[in-house]
Amino acid sequence: MQEYGSFSAQERAALLEQLREEYAVFQGLGLKLDMSRGKPGADQLDLSAALLDAALLDPPKTETGFDCRNYGLLDGIPEAKRLFAALLDLPAEQILVCGNSSLNLMYDYLAQCMLFGADGEPWAAQKKIKFLCPTPGYDRHFSILEHLGIEMIAVPMRENGPDMAFVEQLVRDESVKGLICVPKYSNPEGKTYSDETVCRLAALHPAAKDFRVIWDNAYLVHDLYDATDPLLNIFTAARDCGTEDHFIEVTSFSKISFPSAGISAIAASPANLAAIQARMAIQTIGHDKLNQLRHFRFFRDARGIYDHMQKHAAILRPKFETVLAALEQDLGGAGIASWTNPRGGYFISLDILGGCAKRTGQLCKEAGVVLTPPGATYPYGRDPEDKNLRIAPTFPPVAELEQACALLTLCVRIAALEKLGEQESPAGKREQR
Ligand SMILES: Cc1ncc(COP(=O)(O)O)c(C=O)c1O
């Protein structure tokens, strides 16, 4: 494809007119497609249908004879703790098994740090506190921090994780209390932190002594292909540096079994876990242990989970490949877009010409395709270059994805041509639209 930057003004105008005609056809189709949220499709949910068999709970007792219908076992049933211990490669004693949502665990942990402190004075009682946010990142992380009044500092993502030199410099500021991240198959780029990045995070000695990294390992077994992106165990790396207390790890079965009825876990150093558990004991007498038991009996062990994830991958691979093929075919070589090619996770990150993301989102919406709101992948919803779009290919069937991608790439091209026209002649802005 010819580079868009090399077009003459006439060529650009002619192409824009042609693309707008194509766009008008899409508008006439009355599409209603959604590529905005990373949800499993119904066929993925069906993979875990047997989790709902009543026979799985017969008898409703743990291997130690505990009746899961009753109160108790705040830290989770031993079988579910073992399951998470195998996945996270941690001792079961360092894990609490909780309800369905890890987002809830993150909110709760941070809210409790605000109220009661992480290790000392409550964060809310300290003057302005800040968190580091690798960007682009997960919008709901940013919503939690904003909601709690924690100032966010964007840290650019590089190929192997956040820009560590910048992180190392920023943590010299005592008001920087932590960092929130997705170390494996990051949302939205699908990047996995290298060993060096993990070791440098583990080796941080921040000015704040109550510094915490929220290690959101949401996509730890969510490979699309046979080979996994290896991720160093953060607690092993931290133990060598004496910084285990800096790390709070969470994960969940939302994209292994059911988003609305999975199980989650929080893992931490013995000292942190004791504090978390003591607070949790005030909040609840125990989580849904029947669901924990069901999950254990359905999956049995890590092998059972890995095998199950291959079935998810078989459904998801064609969807990711559909998006990637459309991007390559429609945008490759045009010099107006670049995108990630993840080996796992739930998203593809698309960077387009600066100043075009919002316009592209608007064009898509007006023709019936909903994208994650442009800007959402940045703290406060502000993408400084207005260029990043998060594509969530998992939910729509392949045929719908093909249509949605055809429209998306069309809108990217239209927005780019409009922008290039504006840059050349700012006065032309009104005519173009
Ligand atoms: C990185 C990340 N963390 C957490 C979540 C939500 O997890 P849960 O369903 O366990 O609350 C998501 C959902 O998309 C996610 O992408």
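Reader: How many aromatic pairs does the structure hold?
Author: The structure holds eight aromatic pairs. Rings of Phe, Tyr and Trp (its six-membered ring) pair if their centres lie within 6.5 Å. This is a predicted model: local features need pLDDT of at least 70, side-chain atom pairs count only at pLDDT 80 or more, and totals for chains, interfaces and linings use all residues. Residues are numbered from 1 along each chain as its sequence is written, and side-chain values use heavy atoms, with hydrogens and water left out.

Reader: Why is the pair of W215 and F247 called edge-to-face?
Author: Planes under 30 degrees apart count as stacked, over 60 as edge-to-face and the rest as tilted. The planes of W215 and F247 stand at 85°, with centres 6.1 Å apart, so the pair is edge-to-face.

Reader: Where in the chain do W215 and F247 lie?
Author: W215 is in strand β7 (residues 212-216) and F247 is in strand β8 (residues 247-252). They are 32 residues apart, and the pair links distant parts of the chain. Strands are DSSP runs (E, at least two residues), numbered from the N terminus.

Reader: What makes the pair of F298 and F299 edge-to-face?
Author: Their planes are at 80° and their centres 4.8 Å apart, so this pair is edge-to-face. Ring pairs also link F298 and F299 with F84 and F253 into a cluster.

Reader: Why does F299 count as buried?
Author: Buried means under 20% relative accessible area, exposed over 50%, partly exposed in between (1.4 Å probe, protein chains only). F299 has 2% relative accessibility, so F299 is buried. F298 has 24%, so F298 is partly exposed.

Key. Helix = DSSP H or I, 4+ residues; strand = E, 2+ residues; numbered from the N terminus.
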